[in-house]
Amino acid sequence: MKKLLLLTLSLLGIASVVFAGGAKDAGSASADNRPTIRLVTDATGVDDKSFNAAAWRGILSFYGDTWENQKNRGSLYEVIACQTQDMYIPVLKQIADDTPDLIVVTGFTFADALSEVAQLYPDQKFMIVDVDYVTLPNVMNFVFTEDQGSFLVGAAVALQAKEEKIANPKFGFIGGVPGATITKFEVGYIQGLKYILPNADVVDYYANDWGKPDLAKTQAKNWYDSGVYAIFSAAGGTGNGTISQAKEYRMAGKNVWAIGVDSDQYSDGIYEGTKSSVLTSMIKRVESATGYALKAVADGSFKGGVVSLSLKDAGVGYATSNPELKESVVKQLKTIESDIVSGKIKVIPTYKDALAAGKVPAGLSAKDN
(Lines give C-alpha, C1' and ligand atoms only; values in the text may rest on other atoms or scores of the structure.)
Protein backbone atom coordinates (compact mmCIF):
# COMPACT_ATOMS: atom_id res chain seq x y z
CA MET A 1 0.00 0.00 0.00
CA LYS A 2 1.29 3.46 -0.72
CA LYS A 3 2.64 5.02 2.44
CA LEU A 4 1.31 8.32 1.13
CA LEU A 5 -2.24 7.03 1.63
CA LEU A 6 -1.98 6.87 5.40
CA LEU A 7 -0.26 10.24 5.53
CA THR A 8 -2.89 11.93 3.39
CA LEU A 9 -5.72 10.47 5.43
CA SER A 10 -4.02 11.65 8.60
CA LEU A 11 -3.75 15.16 7.21
CA LEU A 12 -7.43 15.03 6.40
CA GLY A 13 -8.07 14.28 10.06
CA ILE A 14 -9.32 10.77 9.40
CA ALA A 15 -7.23 9.02 11.98
CA SER A 16 -9.67 6.18 12.65
CA VAL A 17 -9.48 4.47 9.28
CA VAL A 18 -8.04 1.00 9.75
CA PHE A 19 -5.50 -0.21 7.19
CA ALA A 20 -4.67 -3.70 8.28
CA GLY A 21 -1.81 -5.35 6.52
CA GLY A 22 0.26 -2.46 5.73
CA ALA A 23 3.50 -2.01 3.99
CA LYS A 24 3.14 -3.69 0.62
CA ASP A 25 2.11 -1.87 -2.52
CA ALA A 26 -1.68 -2.25 -2.53
CA GLY A 27 -2.50 -0.58 -5.79
CA SER A 28 -0.12 -1.91 -8.39
CA ALA A 29 -0.77 -5.03 -10.41
CA SER A 30 0.65 -8.26 -9.05
CA ALA A 31 3.44 -10.24 -10.66
CA ASP A 32 1.06 -13.14 -11.38
CA ASN A 33 -1.46 -10.77 -13.04
CA ARG A 34 -4.26 -11.55 -10.62
CA PRO A 35 -6.49 -8.52 -9.94
CA THR A 36 -6.01 -6.35 -6.88
CA ILE A 37 -8.98 -5.55 -4.67
CA ARG A 38 -9.78 -3.31 -1.72
CA LEU A 39 -12.75 -4.03 0.55
CA VAL A 40 -14.19 -0.99 2.32
CA THR A 41 -16.49 -1.65 5.28
CA ASP A 42 -18.26 0.22 8.04
CA ALA A 43 -16.77 0.38 11.53
CA THR A 44 -17.48 -3.29 12.30
CA GLY A 45 -14.89 -4.48 9.77
CA VAL A 46 -14.48 -8.10 8.76
CA ASP A 47 -14.64 -9.30 12.36
CA ASP A 48 -18.42 -8.78 12.51
CA LYS A 49 -18.84 -12.57 12.08
CA SER A 50 -21.63 -11.78 9.67
CA PHE A 51 -22.04 -9.67 6.51
CA ASN A 52 -18.54 -8.21 6.11
CA ALA A 53 -16.94 -11.49 7.15
CA ALA A 54 -18.77 -13.23 4.31
CA ALA A 55 -17.51 -10.69 1.77
CA TRP A 56 -13.97 -11.18 3.09
CA ARG A 57 -14.24 -14.99 2.82
CA GLY A 58 -15.06 -14.64 -0.87
CA ILE A 59 -11.93 -12.56 -1.39
CA LEU A 60 -9.74 -14.98 0.56
CA SER A 61 -11.12 -17.92 -1.38
CA PHE A 62 -10.46 -16.26 -4.76
CA TYR A 63 -6.77 -15.93 -3.91
CA GLY A 64 -6.50 -19.40 -2.39
CA ASP A 65 -6.02 -17.98 1.10
CA THR A 66 -7.79 -18.77 4.36
CA TRP A 67 -8.76 -16.79 7.43
CA GLU A 68 -5.75 -18.24 9.23
CA ASN A 69 -3.31 -17.77 6.34
CA GLN A 70 -3.83 -14.48 4.51
CA LYS A 71 -0.53 -14.59 2.66
CA ASN A 72 -1.60 -12.26 -0.17
CA ARG A 73 -3.01 -9.60 2.12
CA GLY A 74 -1.43 -6.20 1.66
CA SER A 75 -0.38 -6.93 -1.92
CA LEU A 76 -3.36 -8.40 -3.75
CA TYR A 77 -6.11 -7.53 -1.31
CA GLU A 78 -6.77 -5.43 1.77
CA VAL A 79 -9.62 -4.21 3.97
CA ILE A 80 -10.27 -0.67 5.16
CA ALA A 81 -12.81 -0.03 7.94
CA CYS A 82 -14.39 3.43 8.12
CA GLN A 83 -15.37 4.41 11.64
CA THR A 84 -18.01 6.96 10.53
CA GLN A 85 -20.06 7.56 7.40
CA ASP A 86 -18.51 10.97 6.73
CA MET A 87 -15.28 9.12 5.99
CA TYR A 88 -16.76 7.12 3.11
CA ILE A 89 -16.14 9.64 0.32
CA PRO A 90 -12.59 10.73 1.21
CA VAL A 91 -11.54 7.12 1.85
CA LEU A 92 -12.99 5.90 -1.46
CA LYS A 93 -11.25 8.74 -3.29
CA GLN A 94 -7.90 7.94 -1.70
CA ILE A 95 -8.22 4.27 -2.56
CA ALA A 96 -9.30 5.05 -6.13
CA ASP A 97 -6.21 7.25 -6.49
CA ASP A 98 -4.21 4.14 -5.59
CA THR A 99 -5.81 2.35 -8.61
CA PRO A 100 -6.61 -1.19 -7.44
CA ASP A 101 -8.42 -3.26 -10.06
CA LEU A 102 -11.61 -3.44 -7.96
CA ILE A 103 -13.02 -1.56 -4.98
CA VAL A 104 -15.82 -3.24 -3.01
CA VAL A 105 -18.17 -1.57 -0.54
CA THR A 106 -20.54 -3.48 1.69
CA GLY A 107 -24.08 -2.32 2.30
CA PHE A 108 -26.59 0.28 1.20
CA THR A 109 -25.20 2.92 3.54
CA PHE A 110 -22.33 3.33 1.04
CA ALA A 111 -24.63 3.96 -1.94
CA ASP A 112 -24.57 7.77 -1.97
CA ALA A 113 -20.83 7.99 -1.42
CA LEU A 114 -20.16 5.40 -4.10
CA SER A 115 -22.41 7.17 -6.61
CA GLU A 116 -20.41 10.36 -6.14
CA VAL A 117 -16.96 8.79 -6.24
CA ALA A 118 -17.63 6.37 -9.10
CA GLN A 119 -18.55 9.27 -11.36
CA LEU A 120 -15.26 10.99 -10.54
CA TYR A 121 -13.28 7.83 -11.39
CA PRO A 122 -14.97 6.39 -14.51
CA ASP A 123 -12.07 4.02 -15.23
CA GLN A 124 -12.12 2.50 -11.76
CA LYS A 125 -14.20 -0.66 -11.25
CA PHE A 126 -16.46 -0.75 -8.19
CA MET A 127 -18.82 -3.27 -6.63
CA ILE A 128 -21.55 -2.77 -4.03
CA VAL A 129 -23.66 -5.31 -2.16
CA ASP A 130 -27.34 -4.82 -1.28
CA VAL A 131 -27.97 -2.06 -3.82
CA ASP A 132 -29.54 -2.14 -7.29
CA TYR A 133 -29.73 1.57 -8.04
CA VAL A 134 -26.15 2.77 -8.54
CA THR A 135 -26.64 2.74 -12.30
CA LEU A 136 -23.16 3.60 -13.52
CA PRO A 137 -21.17 1.66 -16.13
CA ASN A 138 -18.29 1.05 -13.74
CA VAL A 139 -20.37 -0.24 -10.80
CA MET A 140 -21.53 -3.84 -10.41
CA ASN A 141 -24.52 -4.06 -8.02
CA PHE A 142 -25.36 -7.27 -6.17
CA VAL A 143 -28.71 -8.02 -4.56
CA PHE A 144 -30.02 -11.13 -2.83
CA THR A 145 -33.45 -12.56 -2.17
CA GLU A 146 -33.03 -12.24 1.59
CA ASP A 147 -36.78 -12.65 1.96
CA GLN A 148 -36.55 -16.23 0.68
CA GLY A 149 -33.74 -17.26 3.01
CA SER A 150 -35.45 -15.51 5.92
CA PHE A 151 -38.71 -17.33 5.16
CA LEU A 152 -36.80 -20.59 5.65
CA VAL A 153 -35.36 -19.68 9.06
CA GLY A 154 -38.75 -18.37 10.15
CA ALA A 155 -40.32 -21.66 9.15
CA ALA A 156 -37.46 -23.54 10.83
CA VAL A 157 -37.89 -21.93 14.25
CA ALA A 158 -41.68 -22.21 14.07
CA LEU A 159 -41.40 -25.91 13.25
CA GLN A 160 -38.90 -26.34 16.09
CA ALA A 161 -41.37 -24.69 18.47
CA LYS A 162 -44.08 -27.13 17.34
CA GLU A 163 -41.74 -30.10 17.79
CA GLU A 164 -40.86 -28.88 21.29
CA LYS A 165 -44.58 -28.38 22.01
CA ILE A 166 -44.14 -24.72 22.98
CA ALA A 167 -47.55 -23.23 23.77
CA ASN A 168 -48.24 -19.96 21.94
CA PRO A 169 -44.60 -19.15 21.16
CA LYS A 170 -43.59 -15.53 20.60
CA PHE A 171 -40.91 -14.43 18.16
CA GLY A 172 -38.72 -11.37 17.81
CA PHE A 173 -36.82 -9.58 15.04
CA ILE A 174 -33.94 -7.14 15.62
CA GLY A 175 -32.81 -5.00 12.69
CA GLY A 176 -29.81 -2.74 12.23
CA VAL A 177 -30.52 0.38 10.17
CA PRO A 178 -34.04 0.38 8.64
CA GLY A 179 -34.23 0.14 4.86
CA ALA A 180 -35.45 -1.98 1.97
CA THR A 181 -32.80 -4.67 2.41
CA ILE A 182 -33.42 -5.29 6.12
CA THR A 183 -37.15 -5.18 5.46
CA LYS A 184 -36.72 -8.21 3.20
CA PHE A 185 -35.18 -10.07 6.13
CA GLU A 186 -38.00 -9.10 8.48
CA VAL A 187 -41.02 -9.67 6.26
CA GLY A 188 -39.60 -12.91 4.87
CA TYR A 189 -38.97 -14.19 8.40
CA ILE A 190 -42.49 -13.32 9.52
CA GLN A 191 -44.04 -14.95 6.46
CA GLY A 192 -42.09 -18.13 7.25
CA LEU A 193 -43.24 -18.06 10.87
CA LYS A 194 -46.86 -17.57 9.90
CA TYR A 195 -46.70 -20.21 7.17
CA ILE A 196 -46.26 -22.71 10.02
CA LEU A 197 -47.98 -20.83 12.87
CA PRO A 198 -50.59 -18.45 11.38
CA ASN A 199 -51.32 -16.85 14.75
CA ALA A 200 -47.70 -16.36 15.79
CA ASP A 201 -47.08 -13.24 17.89
CA VAL A 202 -44.14 -11.17 16.53
CA VAL A 203 -42.32 -8.12 17.92
CA ASP A 204 -39.60 -6.05 16.25
CA TYR A 205 -36.92 -3.52 17.17
CA TYR A 206 -34.33 -1.53 15.18
CA ALA A 207 -31.04 -0.49 16.78
CA ASN A 208 -30.25 2.07 14.03
CA ASP A 209 -26.66 0.87 14.18
CA TRP A 210 -24.60 -2.03 12.83
CA GLY A 211 -22.03 -2.15 15.61
CA LYS A 212 -23.73 -1.92 19.02
CA PRO A 213 -24.30 -5.45 20.34
CA ASP A 214 -25.19 -4.06 23.77
CA LEU A 215 -28.42 -2.65 22.33
CA ALA A 216 -29.45 -6.02 20.92
CA LYS A 217 -28.44 -7.80 24.12
CA THR A 218 -30.59 -5.54 26.25
CA GLN A 219 -33.59 -5.90 23.94
CA ALA A 220 -33.12 -9.66 23.71
CA LYS A 221 -33.05 -9.98 27.50
CA ASN A 222 -36.28 -8.01 27.81
CA TRP A 223 -37.98 -10.12 25.18
CA TYR A 224 -36.75 -13.47 26.48
CA ASP A 225 -37.89 -12.45 29.96
CA SER A 226 -41.33 -11.68 28.55
CA GLY A 227 -41.65 -15.11 26.95
CA VAL A 228 -40.16 -14.67 23.47
CA TYR A 229 -38.94 -18.06 22.24
CA ALA A 230 -36.61 -17.03 19.40
CA ILE A 231 -35.08 -13.85 17.97
CA PHE A 232 -33.77 -13.33 14.45
CA SER A 233 -31.28 -10.47 14.14
CA ALA A 234 -30.33 -8.87 10.82
CA ALA A 235 -28.12 -6.17 12.27
CA GLY A 236 -24.48 -6.89 11.47
CA GLY A 237 -22.28 -6.82 14.56
CA THR A 238 -25.19 -5.50 16.63
CA GLY A 239 -26.88 -8.87 16.31
CA ASN A 240 -24.07 -10.57 18.19
CA GLY A 241 -25.68 -9.22 21.36
CA THR A 242 -28.72 -11.41 20.71
CA ILE A 243 -26.51 -14.48 20.43
CA SER A 244 -24.69 -13.55 23.63
CA GLN A 245 -27.91 -13.18 25.60
CA ALA A 246 -29.37 -16.39 24.22
CA LYS A 247 -26.14 -18.17 25.19
CA GLU A 248 -26.35 -16.89 28.76
CA TYR A 249 -29.96 -17.99 29.09
CA ARG A 250 -29.46 -21.42 27.56
CA MET A 251 -26.54 -21.98 29.95
CA ALA A 252 -29.00 -21.13 32.73
CA GLY A 253 -31.44 -23.73 31.42
CA LYS A 254 -33.89 -21.43 29.60
CA ASN A 255 -35.25 -22.70 26.29
CA VAL A 256 -34.64 -19.68 24.06
CA TRP A 257 -32.98 -19.38 20.66
CA ALA A 258 -31.08 -16.89 18.54
CA ILE A 259 -31.08 -17.07 14.74
CA GLY A 260 -27.88 -16.03 12.98
CA VAL A 261 -27.58 -14.05 9.78
CA ASP A 262 -25.44 -13.81 6.63
CA SER A 263 -22.86 -16.35 7.85
CA ASP A 264 -23.44 -19.58 9.76
CA GLN A 265 -23.15 -18.28 13.33
CA TYR A 266 -23.55 -21.65 15.05
CA SER A 267 -20.00 -21.57 16.44
CA ASP A 268 -20.53 -18.09 17.90
CA GLY A 269 -23.30 -19.46 20.10
CA ILE A 270 -21.47 -22.52 21.45
CA TYR A 271 -21.55 -22.70 25.24
CA GLU A 272 -20.94 -26.39 25.98
CA GLY A 273 -19.62 -29.10 23.68
CA THR A 274 -21.73 -28.94 20.56
CA LYS A 275 -24.52 -27.01 22.27
CA SER A 276 -25.13 -23.60 20.71
CA SER A 277 -27.64 -20.82 21.29
CA VAL A 278 -27.91 -20.34 17.51
CA LEU A 279 -30.54 -22.76 16.23
CA THR A 280 -29.95 -21.89 12.57
CA SER A 281 -28.73 -18.97 10.47
CA MET A 282 -30.02 -17.29 7.35
CA ILE A 283 -27.11 -17.76 4.97
CA LYS A 284 -26.53 -14.88 2.59
CA ARG A 285 -23.63 -15.87 0.39
CA VAL A 286 -21.98 -12.48 0.04
CA GLU A 287 -18.79 -14.43 -0.66
CA SER A 288 -20.39 -15.51 -3.94
CA ALA A 289 -20.74 -11.85 -4.92
CA THR A 290 -17.12 -10.89 -4.23
CA GLY A 291 -15.91 -14.03 -5.96
CA TYR A 292 -18.17 -13.34 -8.95
CA ALA A 293 -16.90 -9.76 -9.33
CA LEU A 294 -13.25 -10.75 -9.01
CA LYS A 295 -13.66 -13.44 -11.64
CA ALA A 296 -15.32 -10.91 -13.95
CA VAL A 297 -12.40 -8.52 -13.52
CA ALA A 298 -9.90 -11.31 -14.12
CA ASP A 299 -11.51 -12.57 -17.33
CA GLY A 300 -12.41 -9.15 -18.70
CA SER A 301 -16.19 -9.59 -18.48
CA PHE A 302 -16.81 -6.98 -15.76
CA LYS A 303 -19.61 -4.55 -16.56
CA GLY A 304 -21.93 -2.30 -14.62
CA GLY A 305 -25.41 -3.51 -13.81
CA VAL A 306 -27.34 -5.61 -11.33
CA VAL A 307 -26.67 -9.25 -10.45
CA SER A 308 -29.38 -10.98 -8.40
CA LEU A 309 -28.58 -14.10 -6.38
CA SER A 310 -31.64 -16.06 -5.22
CA LEU A 311 -32.46 -19.31 -3.46
CA LYS A 312 -32.44 -20.99 -6.87
CA ASP A 313 -28.90 -19.67 -7.47
CA ALA A 314 -27.78 -20.81 -3.99
CA GLY A 315 -27.36 -17.12 -3.15
CA VAL A 316 -29.29 -17.60 0.10
CA GLY A 317 -30.13 -20.54 2.32
CA TYR A 318 -30.11 -21.72 5.93
CA ALA A 319 -27.67 -23.52 8.22
CA THR A 320 -28.11 -27.00 9.65
CA SER A 321 -24.96 -27.04 11.81
CA ASN A 322 -26.78 -27.21 15.14
CA PRO A 323 -27.50 -30.86 16.02
CA GLU A 324 -30.47 -29.66 18.09
CA LEU A 325 -32.26 -28.52 14.94
CA LYS A 326 -34.54 -31.50 14.66
CA GLU A 327 -34.26 -33.84 11.67
CA SER A 328 -38.02 -33.66 11.13
CA VAL A 329 -37.69 -29.87 10.82
CA VAL A 330 -34.91 -30.13 8.24
CA LYS A 331 -36.96 -32.63 6.26
CA GLN A 332 -39.94 -30.27 6.12
CA LEU A 333 -37.69 -27.35 5.22
CA LYS A 334 -36.42 -29.20 2.15
CA THR A 335 -39.99 -29.37 0.87
CA ILE A 336 -40.59 -25.71 1.64
CA GLU A 337 -37.35 -24.76 -0.12
CA SER A 338 -38.41 -26.67 -3.23
CA ASP A 339 -41.80 -24.99 -3.16
CA ILE A 340 -40.19 -21.53 -3.01
CA VAL A 341 -37.88 -22.31 -5.93
CA SER A 342 -40.77 -23.68 -8.00
CA GLY A 343 -42.96 -20.68 -7.22
CA LYS A 344 -45.56 -22.70 -5.34
CA ILE A 345 -44.74 -20.57 -2.29
CA LYS A 346 -44.39 -16.91 -3.16
CA VAL A 347 -42.44 -14.81 -0.68
CA ILE A 348 -43.26 -11.08 -0.72
CA PRO A 349 -40.17 -8.85 -0.28
CA THR A 350 -41.76 -5.52 0.72
CA TYR A 351 -43.64 -4.52 3.84
CA LYS A 352 -46.30 -2.63 1.90
CA ASP A 353 -47.21 -5.60 -0.29
CA ALA A 354 -46.86 -8.20 2.47
CA LEU A 355 -49.14 -6.12 4.69
CA ALA A 356 -51.70 -5.72 1.91
CA ALA A 357 -51.65 -9.49 1.38
CA GLY A 358 -52.26 -10.11 5.09
CA LYS A 359 -48.93 -11.90 5.46
CA VAL A 360 -47.46 -9.64 8.16
CA PRO A 361 -48.97 -7.59 11.00
CA ALA A 362 -49.47 -3.82 10.98
CA GLY A 363 -47.33 -1.61 13.17
CA LEU A 364 -43.90 -3.02 12.31
CA SER A 365 -40.88 -0.70 12.18
CA ALA A 366 -39.84 -1.98 8.76
CA LYS A 367 -39.31 0.52 5.95
CA ASP A 368 -39.38 -0.12 2.21
CA ASN A 369 -36.98 2.73 1.37
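Tutor: Two strands pair if DSSP finds at least two bridges between them, where strands (E, at least two residues) and helices (H or I, at least four) are DSSP runs numbered from the N terminus. This is a predicted model, in which local features need pLDDT of at least 70, side-chain atom pairs count only at pLDDT 80 or more, and totals for chains, interfaces and linings use all residues. Residues are numbered from 1 along each chain as its sequence is written, and side-chain values use heavy atoms, with hydrogens and water left out.

Student: In which sense do strand E10 and strand E13 pair, and over how many bridges?

Tutor: Strands of a sheet pair through backbone hydrogen bonds, either parallel or antiparallel. Here E10 (residues 257–262) and E13 (residues 278–284) pair in the parallel sense over 5 bridges, and Val261 has Met282 of E13 as its bridge partner.

Student: What is the order of the strands in the open sheet?

Tutor: The order of its 6 strands is E8-E7-E9-E10-E13-E15, with mixed pairing. At the edges, E8 (201–206) and E15 (316–318) each pair on one side only.

Student: Which residues have the most contacts inside the largest nonpolar core?

Tutor: In soluble globular proteins, nonpolar side chains tend to be buried together. A nonpolar core is a set of buried Ala, Val, Leu, Ile, Met, Phe, Trp, Tyr and Cys residues joined through side-chain atoms within 4.5 Å, and buried means under 20% relative accessible area (1.4 Å probe, protein chains only). The largest one has 103 residues, and Phe171, Tyr189 and Ile336 have the most contacts inside it. Helix H5 gives the largest share of this core, 9 residues.

Methods: Buried means under 20% relative accessible area, exposed over 50%, partly exposed in between (1.4 Å probe, protein chains only).
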